[in-house]
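The sequence and the structure are shown first, and the description follows.

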Number of protein chains: 2
Amino acid sequence: MQRLPRTQNDLRPDVVELAFGEPDPSLLPTDLVTSAAARVVPTLGRGALAYGRRPGPHPLREAVAARITDREGLSVSAHDVYVTAGNSQALDLVLAVFTKPGDLILVESPTYSLALRTIRDHPLRVSAVRHDDGGLDVDDLQAQLERSTGEGRGARLLYTIPTFHNPAGTCLQDARRRRLLELAREHGLLVVEDDVYRELAYDHDAPPSLWTMDPGAPVLRLGSLSKSLAPGLRVGWVNARADLIERLDAAGVLDSGGSMAQFSACVAALVIADGAYDRHVARLRAVYAARRDALVAALREHVPAGRFAVPGGGFFVWLELPADVSATHLLPVAERHGLAFAPGSRFCTDGADTHVRLAFSLYDEDRLAEGARRLGAALADGARRD
Amino acid sequence: MQRLPRTQNDLRPDVVELAFGEPDPSLLPTDLVTSAAARVVPTLGRGALAYGRRPGPHPLREAVAARITDREGLSVSAHDVYVTAGNSQALDLVLAVFTKPGDLILVESPTYSLALRTIRDHPLRVSAVRHDDGGLDVDDLQAQLERSTGEGRGARLLYTIPTFHNPAGTCLQDARRRRLLELAREHGLLVVEDDVYRELAYDHDAPPSLWTMDPGAPVLRLGSLSKSLAPGLRVGWVNARADLIERLDAAGVLDSGGSMAQFSACVAALVIADGAYDRHVARLRAVYAARRDALVAALREHVPAGRFAVPGGGFFVWLELPADVSATHLLPVAERHGLAFAPGSRFCTDGADTHVRLAFSLYDEDRLAEGARRLGAALADGARRD
C-alpha cells in the first residue's frame with residue numbers, strides 16, 4: 001500500500017519552505033500513538049468504537065482537566081472540557097452555534113489566515129482590531145465595541161490568539177488581558193481564545209489563558225493536541241462556562257454524530273494519562289526552542305534590515321521588511337533563491353504586505369539558517385514596491 | 001481507567017430500548033480495528049499522524065473507490081471519493097458550503113430527525129415533500145420545484161434518504177429515482193443523498209444510488225462506515241462530480257485542519273483493504289436480517305393492528321398505529337410496560353404522530369420479540385388521542 005506524504009503540503013527538496021505552520025513530522029510520537037491505539041479497546045472497552053457521548057470520552061476530558069489543574073492553576077473537572085475534532089472544526093462549530101447571519105465579528109489584524117477564511121465562509125461581517133507587539137490593542141477594541149453598540153449592532157464575537165500569536169508570535173500583555181476580560185463582560189462580547197500553541201513555550205511558561213484568568217467570563221478557550229501531539233488525530237477541546245458549553249452541546253450535528261472524535265480522543269487519553277505526553281512536550285519545547293534560536297540568530301546576521309520580536313513560543317517569526325519592500329513582490333525573488341514564506345497580506349484584513357511569516361517548525365537549525373541566508377540574498381536582489 | 005459506556009445513550013436494563021438507531025456494540029469488530037490501528041504507521045508512514053491532505057488519505061479513497069467499482073458497477077477512482085468525519089459532519093459542511101441564508105431546503109417527511117435538526121441549525125427555510133411506501137413523492141417534488149421557481153426563490157437543496165430510509169425503511173422506486181434525477185438536473189437542485197444504510201441490505205442488494213445512476217447529476221452521495229464498521233472512527237465520504245467536490249474542498253475549515261479524520265481514516269483503509277471488512281459486513285447482514293425477521297414476526301403476532309412495510313435493509317420498522325392512537329401519548333404507557341420507541345412526531349415536519357420508529361439493531365431476537373409483546377400490551381392499555 002502506498003505510503004502517505006509526510007506533510008500536508010508539498011515540500012520541494014531544493015526550497016526551504018518556511019510558509020507552512022506544521023509540526024515537523026519527524027517529531028511526531030509514532031510509537032506513543034501506535035502503542036496507545038492498540039490499548040484503547042482493551043483499556044476502555046468497545047465503547048471507544050461506538051457513537052460516543054457528545055462531550056467526548058470521559059478519560060480524555062479527565063486527563064485534560066487534570067493537566068489544566070496541574071499546569072494552569074485552575075482546578076477544573078472533566079465537565080469543563082468539551083472534546084472537539086481539532087481547533088479548526090471547533091472554530092467552525094462555534095461560529096455556527098453562536099452567530100447569526102450579518103453579525104459583526106472582530107478579529108485581530110494580523111490574524112491566522114485560515115481562521116479568517118473560516119470566518120468569511122460564514123455569512124458574517126468582519127472588522128479588524130489593531131494589534132501590536134503587546135498583542136491585541138484593547139483601546140481600539142473598546143472604541144469599536146462602543147461604536148458598534150452605539151449603532152445598535154454590537155459585535156457578537158472576537159476571535160483572538162493571545163498566546164504565541166499566529167503569525168505575530170506575540171503574547172497579549174497581562175494588563176491588556178484584564179482589560180479584554182472586562183470589556184467582554186461589559187459588552188457581552190464572546191471571546192474565542194485560540195490557544196493552540198500553549199504547550200510550545202520556549203523561555204518560560206505561557207501566560208495564563210483568558211479562560212483560566214476568569215472562567216466565568218464569556219470566553220471559549222480552544223485547546224488542541226495538533227501542535228503538541230499529532231494533528232492527524234484531529235483532537236482538541238473547548239473550555240468555557242457551563243451555559244456556553246450547553247449551547248455548543250445543543251447542536252444537532254453533535255446529537256447525530258455523537259463525540260466528534262471518539263476513537264482518536266481515546267488514543268489521546270491513553271497517551272496523556274501515562275505521562276508520556278509530558279515527556280514528549282518537554283522534548284518538543286527543547287527542539288523547537290533551538291530552531292527558533294537558530295532562525296533568530298541567522299536573521300540577525302543575514303537580514304539585519306528586517307525587524308522582529310523574538311517569539312517566546314509557537315512556530316513563527318513575524319518579520320517586518322524594509323519600508324520599501326512588498327512581501328508579495330519579494331516572494332518570487334525568494335523562490336528563485338530557494339526560499340518560500342507566507343507573505344503578510346494573507347494575515348492582514350487590509351492586505352498589508354509589510355511582513356513575512358517565517359515558520360521554524362519544519363526544519364533543523366542548519367536548514368533554517370540557510371533559509372535566513374536566502375532571505376538576505378533575495379532582499380539584496382531587491383523587490384521594491386510599485 | 002474508567003471504561004466507556006457501550007452506547008451513546010443510556011440503556012435501562014429493564015426497558016427494551018427501541019428508540020436508538022445505533023449499531024449493536026457487541027457487533028463492533030474490535031479486533032479488526034485494533035489490529036489495523038497498530039499497523040497504520042508501519043504501513044502508511046508517519047504522515048498518518050500529520051495534517052492530511054484535505055480530501056483524506058489516499059489509501060482510504062482508493063479502497064472505497066475499489067469497493068464502489070466492484071459492488072456498485074460504476075468505475076471510479078480515488079478522485080471521486082472525498083473523506084469526511086462521518087455523515088453528520090458531512091451534512092453540516094455541505095449545508096455550510098452550498099447554501100446561503102434564507103435558501104429553501106427540501107426534506108422528506110418523515111425524515112431523519114437529527115438531520116432535520118442539523119438543517120434547522122442553519123439559517124434556512126425548510127419545506128417538506130411527501131413520502132410514501134415508494135419513497136419520496138416525485139410528483140409533489142415537481143410541484144414544489146415549479147412553485148418555488150415560479151416565485152423566483154427556487155429550492156437550493158434536497159436532503160433525501162432513498163435507500164433503507166430512516167425512519168420509514170423504504171427504498172425509492174427505480175422510476176422515481178430517474179424522475180428525481182431529471183428534476184434535479186432541470187431545476188439545478190442539489191440532491192444530498194444520505195446513503196448510510198447501503199451495506200445493510202437483507203433480502204437482495206441495495207438499489208443503485210442516485211449518484212451511481214447519474215454521476216454527472218447535481219448529487220452529493222454521503223457514504224459512511226458508522227453503521228457497517230464503527231461509528232467511533234467518525235469516517236465517511238462524499239461522492240460527487242468534480243465541480244461539486246471542488247467547492248467542498250475550498251472550505252477554509254478544511255484548508256486549516258486538513259483531512260477531517262486522518263488517523264481514523266487510515267485505520268479504516270487498512271480494515272477495508274485486507275478483505276476483513278467484506279466478511280464483517282456479510283456477518284452484519286445475517287445478524288441484522290435475523291433481528292428484523294424476529295421483530296417483524298413478533299409484531300404480526302402481538303401488534304396485529306399496527307401496519308408496516310417490511311424494510312429490506314437498515315435499522316428500522318416504521319409502524320403505523322391504529323388511527324385513534326397517538327405515538328406521543330402511547331410512549332409513557334409503553335414505558336410503564338418496559339418498552340421505549342421513537343414517536344413519529346420527531347421525524348415529521350408537521351409533527352404527525354401516527355407512527356412509531358422501532359430500531360431492531362441493538363438487541364437479539366428474543367429481546368426484540370419481548371419488545372413487540374410489550375408494545376401490544378401497551379396498545380391494549382390504550383392511548384387514545386385527545
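## Pairing between the chains

A salt bridge is counted where a side-chain nitrogen of Lys or Arg lies within 4 Å of a carboxyl oxygen of Asp or Glu. The model described here is predicted. B:D255 forms such a bridge with A:R117, and their closest N and O atoms are 2.5 Å apart. Between chain B and chain A the count is four salt bridges.

## The interface

In the contact between the two chains, 75 residues of chain B meet 75 residues of chain A. Together the chains bury about 6200 Å², of which 58% is on carbon and sulfur atoms. Across this interface, 46 residue pairs are in polar contact.

On the side of chain B that touches chain A, two or more residues come from each of helix 1 (30-44), helix 2 (58-72), helix 3, helix 4 (113-120), helix 9 (252-257) and helix 10 (262-273) of chain B. Helix 1 of chain B gives the largest share, nine residues. By class, this side of chain B has 38 nonpolar, 25 polar and 12 charged residues.

## Helix 3 of chain B

Helix 3 of chain B (residues 87-98) has 12 residues and reaches 16 Å from its first C-alpha to its last, close to the 16 Å expected at 1.5 Å a residue. Because 10 of its 12 residues are buried, helix 3 of chain B is largely enclosed by the rest of the structure. Among the buried residues are B:N87, B:D92 and B:F98.

## Salt bridges within the chains

Over all chains the count comes to 60 salt bridges. In one of them, the side chains of A:D132 and A:R176 meet at 2.8 Å, N to O. This pair links distant parts of the chain, since A:D132 is in strand 5 (residues 131-132) and A:R176 in helix 6 (residues 174-187) of chain A, 44 residues apart. A:D132 is partly exposed at 33% relative accessibility, whereas A:R176 is buried at 15%.

The side chains of A:R292 and A:D203 also meet in a salt bridge, at 2.8 Å, N to O. A:R292 lies in helix 11 (residues 276-302) of chain A and A:D203 in the loop between strand 8 (190-194) and helix 7 (210-213) of chain A, so the pair ties together parts that are 89 residues apart in sequence. A:R292 is buried at 5% relative accessibility, while A:D203 is partly exposed at 45%.

## A network in chain A

A:R67, A:D70, A:R71, A:E199, A:D205, A:D278 and A:R285 are linked in a network of salt bridges.

Conventions:
Residues numbered from 1 in each chain as written. Chains lettered and ligands numbered in written order. Predicted model: local features only at pLDDT ≥ 70, side-chain atom pairs only at ≥ 80, totals over all residues. Heavy atoms only, no water. Helix = DSSP H or I, 4+ residues; strand = E, 2+ residues; numbered from the N terminus. Expected span 1.5 Å × (residues − 1). Buried < 20%, exposed > 50% of the residue type's maximum accessible area, 1.4 Å probe, protein only. Contact = heavy atoms within 4.5 Å. Buried area = accessible area lost by both parts, 1.4 Å probe. Polar contact = N/O pair within 3.5 Å; in protein donor to acceptor, adjacent residues only side chain to side chain. Nonpolar A, V, L, I, M, F, W, Y, C, P; charged D, E, K, R; others polar.
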